[in-house]
Amino acid sequence: MEVKILSRCDADETQHLGSTALSAIDKISLDADAYLSGVRSELSIETDILSGSLSIERKHEYTQELSVLDDNFDRSVICMKKFIEANTFSSDETVAKNAEKAFDKLASYDLSFYKLGYEKELARAFSLIEEYEKPDMKPIIDSLVGVSAPLADLKIRANDLNVLYIKNQDIQALKEDVIPSSIQKKVVIDIFNNKLLPYLMVMAEVKPNEYGETYTKITKYIETINTKVRARRNRTTAKEELDAPVEN
């Protein structure tokens with residue numbers, strides 16, 4: 001009976017079948033079998049691509065971590081803004097005027113810039129920090145009560161957020177560049193069903209001593225996976241029937 005991989009076999013199962021089949025094929029001497037040698041090479045290449053797709057897809061995106069760091073970043077900006085604003089009410093006229101200068105500088109970046117997207121808020125934060133650290137502004141900032149600490153904290157928070165944001169962008173870029181495993185698995189399954197299995201089935205009949213054991217191993221691997229696929233399908237069907245509305 002002809003054996004084929006079921007189309008509902010998932011990417012992990014397909015990758016496993018590819019790897020185990022390659023090991024089984026290597027038990028055969030391929031020097032005199034150009035066709036099987038070519039199929040093995042193709043299967044190896046496409047299985048490696050599938051493995052790479054699965055690996056990239058599983059890379060952890062830092063969505064939750066970014067949210068936490070962004071919240072800390074926002075708090076630092078707000079804290080600094082509040083302290084600068086408070087200093088504008090200082091009884092020391094010099095401090096009050098310095099606070100107004102610092103506040104005007106902050107306002108030029110938008111007092112709510114921390115609500116912007118990562119790229120924009122980080123760009124403005126780094127620019128603002130640079131402005132506050134310039135020789136003409138640093139003495140002004142240092143003269144204000146309680147501002148230096150949140151500014152230093154903002155610098156740390158902005159750097160931490162920027163580093164993680166870049167890492168997350170790199171991961172997303174990798175994922176965009178790879179073939180989705182759901183598509184690549186079809187390529188591997190096609191090699192099995194239309195090239196490898198039909199050929200091995202015939203050769204196992206013609207030369208059982210050379211090909212029989214390999215064909216048997218591979219078909220057993222496939223039947224094991226197919227059994228799991230059928231079980232999943234049956235469970236899904238049973239659940240759908242159970243959840244279906246009752247007709248009156």
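Helices here are DSSP runs of H or I with at least four residues, and strands are runs of E with at least two, numbered from the N terminus. Keep that in mind, everyone, and we can start with a loop. Asp110 sits in the loop between α4 and α5. Its phi is near 85 degrees, a positive value in a residue other than glycine. Asp110 counts as partly exposed because its relative accessibility is 34%; buried means under 20% relative accessible area, exposed means over 50%, and partly exposed is in between, with a 1.4 Å probe and protein chains only.

A word on where all this comes from. The model is predicted, so local features need pLDDT of at least 70 and side-chain atom pairs count only at pLDDT 80 or more, while totals for chains, interfaces and linings use all residues. Residues are numbered from 1 along each chain as its sequence is written, and side-chain values use heavy atoms, with hydrogens and water left out.

Now on to α5, which covers residues 118-132. How far apart should the ends of this helix be? At 1.5 Å a residue, its 15 residues should span 21 Å, and the end C-alpha atoms are 21 Å apart, which agrees. The expected span, by the way, is 1.5 Å times one less than the number of residues. Several residues of α5 are buried, among them Leu122, Ala125, Leu128 and Ile129. What do the buried residues pack against? They pack against α3 (63-87), α4 (93-107), α6 (138-142) and α7, where contact means heavy atoms within 4.5 Å.

Helix α7 can be described in the same terms. It has 30 residues and reaches 44 Å from its first C-alpha to its last, close to the 44 Å expected at 1.5 Å a residue. Its buried residues include Pro150, Leu154, Leu161, Tyr165 and Asn168. Those buried residues of α7 pack against α3, α5 and α6.

Next, charges. Side chains of opposite charge can pair when their charged atoms come close. The search of the whole structure finds 15 salt bridges, each being a side-chain nitrogen of Lys or Arg within 4 Å of a carboxyl oxygen of Asp or Glu.

Let me show you Glu13 and Arg232 to begin with. Their closest N and O atoms are 2.7 Å apart. Glu13 lies in helix α1 (residues 11-25) and Arg232 in helix α9 (residues 208-243), so this pair ties together parts that are 219 residues apart in sequence. Is Glu13 buried or exposed? Glu13 is buried, because its relative accessible area is 10%. Arg232, on the other hand, counts as partly exposed at 28% relative accessibility.

Then look at Lys195 and Glu42, a salt bridge with closest N and O atoms 3.0 Å apart. This pair also links distant parts of the chain, with Lys195 in helix α8 and Glu42 in helix α2 (residues 34-57), 153 residues apart. Lys195 is partly exposed, with a relative accessible area of 28%, and Glu42 is partly exposed too, at 26%.

An α-helix has 3.6 residues a turn, so residues three or four places apart point the same way. The salt bridge between Asp142 and Lys138 has its closest N and O atoms 3.0 Å apart. Asp142 is partly exposed at 44% relative accessibility, and Lys138 is partly exposed at 42%.

Salt bridges can also be chained together here: Lys105, Glu131 and Lys134 are linked in a network of them.

What about disulfides, meaning pairs of cysteine sulfur atoms within 2.5 Å? The search of the whole structure finds zero. Cys9 counts as buried, because its relative accessibility is 0%, and Cys79 counts as partly exposed at 30%.

Lys186 is found in helix α8 and is exposed, with a relative accessible area of 54%. Where is Ser7 relative to Lys186? They are 179 residues apart in sequence and 7.7 Å apart in space, C-alpha to C-alpha. Ile179 lies in the loop between α7 (148-177) and α8 (181-206), and it is partly exposed, with a relative accessible area of 39%.

Notes:
Disulfide = S-S within 2.5 Å.
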